[in-house]
Amino acid sequence: MKIFSRLYQLVMKWAMHKHAPVYLSLNSFVESIFWPVPVDVMLAPMALAKPKRAWFYAGLATFFSVLGACFGYLLGYALWDPVVQPFIATMGYEGKIDIARHWFDEWGIWVIFIASFTPIPYKVFTVTAGLLGMVFLPFVLVSLVGRGLRFFLVAGLMVWGGVRMEAKLIRYIDIIGWLCLVAAVAAYLLLRN
(Lines give C-alpha, C1' and ligand atoms only; values in the text may rest on other atoms or scores of the structure.)
Protein backbone atom coordinates (compact mmCIF):
# COMPACT_ATOMS: atom_id res chain seq x y z
CA MET A 1 0.00 0.00 0.00
CA LYS A 2 1.46 3.31 -1.15
CA ILE A 3 -0.41 5.55 1.29
CA PHE A 4 2.70 7.40 2.49
CA SER A 5 3.95 7.97 -1.07
CA ARG A 6 0.69 9.67 -1.99
CA LEU A 7 0.73 11.75 1.18
CA TYR A 8 4.32 12.78 0.48
CA GLN A 9 3.41 13.96 -3.04
CA LEU A 10 0.50 15.95 -1.65
CA VAL A 11 2.64 17.54 1.07
CA MET A 12 5.34 18.42 -1.49
CA LYS A 13 2.70 20.34 -3.46
CA TRP A 14 1.75 22.20 -0.28
CA ALA A 15 5.44 22.85 0.47
CA MET A 16 5.86 24.66 -2.86
CA HIS A 17 2.71 26.75 -2.43
CA LYS A 18 3.20 30.49 -1.93
CA HIS A 19 1.28 30.29 1.37
CA ALA A 20 3.29 27.30 2.68
CA PRO A 21 4.81 29.28 5.59
CA VAL A 22 1.28 30.19 6.75
CA TYR A 23 0.19 26.53 6.52
CA LEU A 24 3.30 25.48 8.45
CA SER A 25 2.62 28.09 11.14
CA LEU A 26 -1.02 27.06 11.51
CA ASN A 27 -0.14 23.36 11.58
CA SER A 28 2.57 24.03 14.20
CA PHE A 29 0.14 25.95 16.40
CA VAL A 30 -2.77 23.50 16.33
CA GLU A 31 -0.55 20.40 16.50
CA SER A 32 0.50 21.49 20.00
CA ILE A 33 -3.15 21.55 21.10
CA PHE A 34 -5.16 18.86 19.30
CA TRP A 35 -4.12 18.32 15.65
CA PRO A 36 -2.73 14.83 14.86
CA VAL A 37 -0.47 15.75 11.90
CA PRO A 38 3.15 16.27 13.05
CA VAL A 39 4.88 19.50 12.05
CA ASP A 40 7.76 17.53 10.48
CA VAL A 41 5.40 16.35 7.72
CA MET A 42 5.34 19.89 6.33
CA LEU A 43 8.69 21.17 7.58
CA ALA A 44 10.85 18.47 5.96
CA PRO A 45 9.49 18.89 2.42
CA MET A 46 9.54 22.67 2.73
CA ALA A 47 13.20 22.58 3.79
CA LEU A 48 13.94 20.23 0.88
CA ALA A 49 12.06 22.38 -1.60
CA LYS A 50 13.72 25.66 -0.47
CA PRO A 51 16.93 24.87 1.47
CA LYS A 52 17.89 28.56 1.76
CA ARG A 53 14.71 29.14 3.78
CA ALA A 54 15.04 25.97 5.92
CA TRP A 55 16.22 27.79 9.07
CA PHE A 56 13.44 30.35 8.73
CA TYR A 57 10.90 27.52 8.44
CA ALA A 58 12.37 25.78 11.51
CA GLY A 59 12.12 29.05 13.44
CA LEU A 60 8.49 29.55 12.36
CA ALA A 61 7.62 25.98 13.35
CA THR A 62 9.29 26.40 16.74
CA PHE A 63 7.67 29.75 17.52
CA PHE A 64 4.14 28.73 16.54
CA SER A 65 4.43 25.30 18.14
CA VAL A 66 5.41 26.84 21.49
CA LEU A 67 2.69 29.48 21.09
CA GLY A 68 0.21 26.65 20.55
CA ALA A 69 1.65 24.84 23.58
CA CYS A 70 1.01 27.95 25.69
CA PHE A 71 -2.59 27.99 24.46
CA GLY A 72 -2.92 24.26 25.26
CA TYR A 73 -1.49 24.93 28.72
CA LEU A 74 -4.04 27.70 29.30
CA LEU A 75 -6.87 25.42 28.14
CA GLY A 76 -5.80 22.77 30.64
CA TYR A 77 -5.33 25.35 33.38
CA ALA A 78 -8.47 27.44 33.00
CA LEU A 79 -11.00 25.49 30.97
CA TRP A 80 -10.52 21.82 31.86
CA ASP A 81 -14.00 20.98 33.17
CA PRO A 82 -16.26 23.06 30.94
CA VAL A 83 -14.42 22.69 27.61
CA VAL A 84 -11.32 20.52 27.48
CA GLN A 85 -12.36 17.40 29.38
CA PRO A 86 -15.43 16.74 27.16
CA PHE A 87 -13.29 17.35 24.04
CA ILE A 88 -10.60 14.97 25.36
CA ALA A 89 -13.29 12.33 25.92
CA THR A 90 -14.60 12.81 22.38
CA MET A 91 -11.09 12.45 20.92
CA GLY A 92 -10.42 9.32 23.00
CA TYR A 93 -7.40 10.88 24.78
CA GLU A 94 -8.56 10.18 28.37
CA GLY A 95 -6.12 7.30 28.78
CA LYS A 96 -3.31 9.41 27.35
CA ILE A 97 -4.00 12.15 29.89
CA ASP A 98 -3.75 9.57 32.70
CA ILE A 99 -0.42 8.38 31.29
CA ALA A 100 0.78 11.99 31.05
CA ARG A 101 -0.16 12.61 34.70
CA HIS A 102 1.82 9.54 35.73
CA TRP A 103 4.82 10.67 33.68
CA PHE A 104 4.66 14.16 35.24
CA ASP A 105 4.68 12.57 38.69
CA GLU A 106 7.65 10.43 37.75
CA TRP A 107 9.83 12.79 35.66
CA GLY A 108 8.55 16.32 36.28
CA ILE A 109 9.67 18.99 33.80
CA TRP A 110 11.74 16.47 31.81
CA VAL A 111 8.55 14.96 30.43
CA ILE A 112 7.92 18.25 28.60
CA PHE A 113 11.35 18.07 27.00
CA ILE A 114 10.82 14.42 26.00
CA ALA A 115 7.36 15.13 24.55
CA SER A 116 8.53 18.27 22.75
CA PHE A 117 11.50 16.57 21.09
CA THR A 118 10.20 13.07 20.32
CA PRO A 119 7.17 11.80 18.36
CA ILE A 120 5.23 11.37 21.64
CA PRO A 121 1.98 13.39 21.30
CA TYR A 122 3.14 16.76 22.64
CA LYS A 123 -0.44 18.06 22.73
CA VAL A 124 -1.34 15.69 25.55
CA PHE A 125 1.45 17.09 27.70
CA THR A 126 0.75 20.76 26.96
CA VAL A 127 -2.83 20.45 28.18
CA THR A 128 -1.85 18.22 31.11
CA ALA A 129 0.86 20.69 32.20
CA GLY A 130 -1.85 23.35 32.54
CA LEU A 131 -4.25 20.96 34.24
CA LEU A 132 -1.59 20.06 36.82
CA GLY A 133 -0.60 23.71 37.31
CA MET A 134 3.03 23.28 36.24
CA VAL A 135 5.04 26.48 36.63
CA PHE A 136 4.54 28.34 33.35
CA LEU A 137 7.97 29.87 32.63
CA PRO A 138 9.92 26.58 32.87
CA PHE A 139 7.22 24.96 30.73
CA VAL A 140 7.76 27.58 28.00
CA LEU A 141 11.57 27.49 28.19
CA VAL A 142 11.79 23.69 28.06
CA SER A 143 9.25 23.64 25.21
CA LEU A 144 11.35 26.17 23.26
CA VAL A 145 14.48 24.05 23.69
CA GLY A 146 12.80 20.73 22.83
CA ARG A 147 10.77 21.98 19.89
CA GLY A 148 13.67 24.08 18.61
CA LEU A 149 16.10 21.16 18.73
CA ARG A 150 13.64 18.93 16.91
CA PHE A 151 12.66 21.34 14.14
CA PHE A 152 16.15 22.71 13.52
CA LEU A 153 17.45 19.12 13.41
CA VAL A 154 14.83 18.22 10.79
CA ALA A 155 15.63 21.33 8.74
CA GLY A 156 19.37 20.69 9.07
CA LEU A 157 19.04 17.10 7.92
CA MET A 158 17.05 18.20 4.89
CA VAL A 159 19.62 20.88 3.98
CA TRP A 160 22.51 18.49 4.56
CA GLY A 161 20.94 15.56 2.69
CA GLY A 162 19.39 17.60 -0.10
CA VAL A 163 18.37 15.90 -3.32
CA ARG A 164 20.12 12.63 -2.37
CA MET A 165 18.09 12.40 0.82
CA GLU A 166 14.89 13.19 -1.02
CA ALA A 167 15.58 10.41 -3.54
CA LYS A 168 16.16 7.93 -0.69
CA LEU A 169 13.12 9.23 1.17
CA ILE A 170 10.88 8.79 -1.88
CA ARG A 171 12.25 5.31 -2.45
CA TYR A 172 11.62 4.16 1.13
CA ILE A 173 8.80 6.45 2.29
CA ASP A 174 6.18 3.72 2.53
CA ILE A 175 8.46 1.40 4.49
CA ILE A 176 9.51 4.23 6.80
CA GLY A 177 5.90 5.33 7.25
CA TRP A 178 4.66 1.87 8.18
CA LEU A 179 7.63 1.26 10.51
CA CYS A 180 6.94 4.57 12.29
CA LEU A 181 3.28 3.67 12.64
CA VAL A 182 4.11 0.23 14.06
CA ALA A 183 6.68 1.80 16.44
CA ALA A 184 4.14 4.37 17.65
CA VAL A 185 1.52 1.68 18.31
CA ALA A 186 4.10 -0.51 20.08
CA ALA A 187 5.27 2.42 22.22
CA TYR A 188 1.69 3.23 23.14
CA LEU A 189 0.96 -0.37 24.11
CA LEU A 190 4.14 -0.62 26.18
CA LEU A 191 3.71 2.72 27.92
CA ARG A 192 0.05 2.46 28.79
CA ASN A 193 0.76 -0.18 31.43
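**Notes on a predicted helical model**

1. Start with Asn27. This residue is found in helix H2, which covers residues 20-31. The model is a predicted one. Asn27 is buried, because its relative accessible area is 8%, and the cut-off for buried is under 20%. Leaving aside residues up to four places away in sequence, Asn27 touches Trp35, Val37, Pro38, Val39 and Met42. Ala47 sits 20 residues from Asn27 along the chain, and their C-alpha atoms are separated by 15 Å.

2. Next, the charged pairs. How many salt bridges does a search of the whole structure find? The search finds 3. Side chains of opposite charge can pair when their charged atoms come close. Lys123 forms a salt bridge with Glu31, and the closest N and O atoms are 3.9 Å apart. This pair links distant parts of the chain: Lys123 is in helix H8 and Glu31 is in helix H2, 92 residues apart. Lys123 and Glu31 are both buried.

3. Glu31 has another partner. It forms a salt bridge with Arg147, with the closest N and O atoms 2.9 Å apart. Here too the pair links distant parts of the chain, with Glu31 in helix H2 and Arg147 in helix H9, 116 residues apart. Arg147 is buried, as is Glu31.

4. The pair of Arg150 and Asp40 is also a salt bridge, its closest N and O atoms being 2.5 Å apart. Arg150 lies in helix H9, whereas Asp40 lies in helix H3 (residues 40-49). The two are 110 residues apart, so distant parts of the chain are linked again. Both Arg150 and Asp40 are buried.

5. Helix H8 deserves a look of its own. It spans residues 122-131 and is mostly covered, with 9 of its 10 residues buried. Among the buried residues are Tyr122, Lys123, Val124 and Phe125. Thr126, Val127, Thr128, Ala129 and Gly130 are buried as well. After H8 comes Gly133, whose phi is positive, near 70°.

6. Now the rings. The structure holds 13 aromatic pairs. One of them is Trp110 with Phe113: the ring centres are 6.3 Å apart and the planes meet at 85°, so the pair is edge-to-face. Both residues lie in helix H7 (residues 110-117), 3 residues apart, which is about one turn of the helix. Is Trp110 buried or exposed? Trp110 is exposed, with a relative accessible area of 57%. Phe113 is partly exposed, at 24%.

7. Phe113 also pairs with Phe117. These rings are stacked: 6.0 Å centre to centre, with 5° between the planes. The two residues are 4 apart in helix H7, so about one helical turn separates them. Phe117 counts as partly exposed, at 31% relative accessibility. Elsewhere, Tyr73, Tyr77, Phe136 and Phe139 form one aromatic cluster.

8. The surface has a nonpolar patch. Its residues are Ile3, Leu7, Leu10, Trp14, Val22, Tyr23, Leu26, Trp178, Leu181 and Val185, and together they have about 870 Å² of accessible area. Which helices each supply at least two residues of the patch? They are H1 (3-16), H2 and H9 (136-191). H1 gives the most, with 4 residues. Leu10 lies in H1. Leu10 is partly exposed, with a relative accessible area of 36%.

9. Last, the record. An unreviewed UniProt entry lists residues 55-80, 107-125, 137-163 and 169-191 as "transmembrane region". In the model, residues 107-125 are 68% helix and 0% strand, and the end C-alpha atoms are 12 Å apart. Residues 137-163 are 100% helix and 0% strand, with the end C-alpha atoms 40 Å apart.

10. UniProt also places the feature "domain: VTT" at residues 54-157, again in an unreviewed entry. Over that range the chain is 88% helix and 0% strand. The end C-alpha atoms of this range are 10 Å apart.

Methods:
Residues are numbered from 1 along each chain as its sequence is written. This is a predicted model: local features need pLDDT of at least 70, side-chain atom pairs count only at pLDDT 80 or more; totals for chains, interfaces and linings use all residues. Side-chain values use heavy atoms; hydrogens and water are left out. UniProt positions are given in the numbering used here, feature names are shortened, and annotations may be inferred rather than shown by experiment. Buried means under 20% relative accessible area, exposed over 50%, partly exposed in between (1.4 Å probe, protein chains only). Contact means heavy atoms within 4.5 Å. Patches are made of residues with over 30% relative accessible area and no salt bridge: like charges are joined within 9 Å, nonpolar side chains (Val, Leu, Ile, Met, Phe, Trp, Tyr) within 5 Å. Accessible areas come from the Shrake-Rupley method with a 1.4 Å probe; for residues, only the protein chains shown count as cover. A salt bridge is a side-chain nitrogen of Lys or Arg within 4 Å of a carboxyl oxygen of Asp or Glu. Rings of Phe, Tyr and Trp (its six-membered ring) pair if their centres lie within 6.5 Å; planes under 30 degrees apart count as stacked, over 60 as edge-to-face and the rest as tilted.
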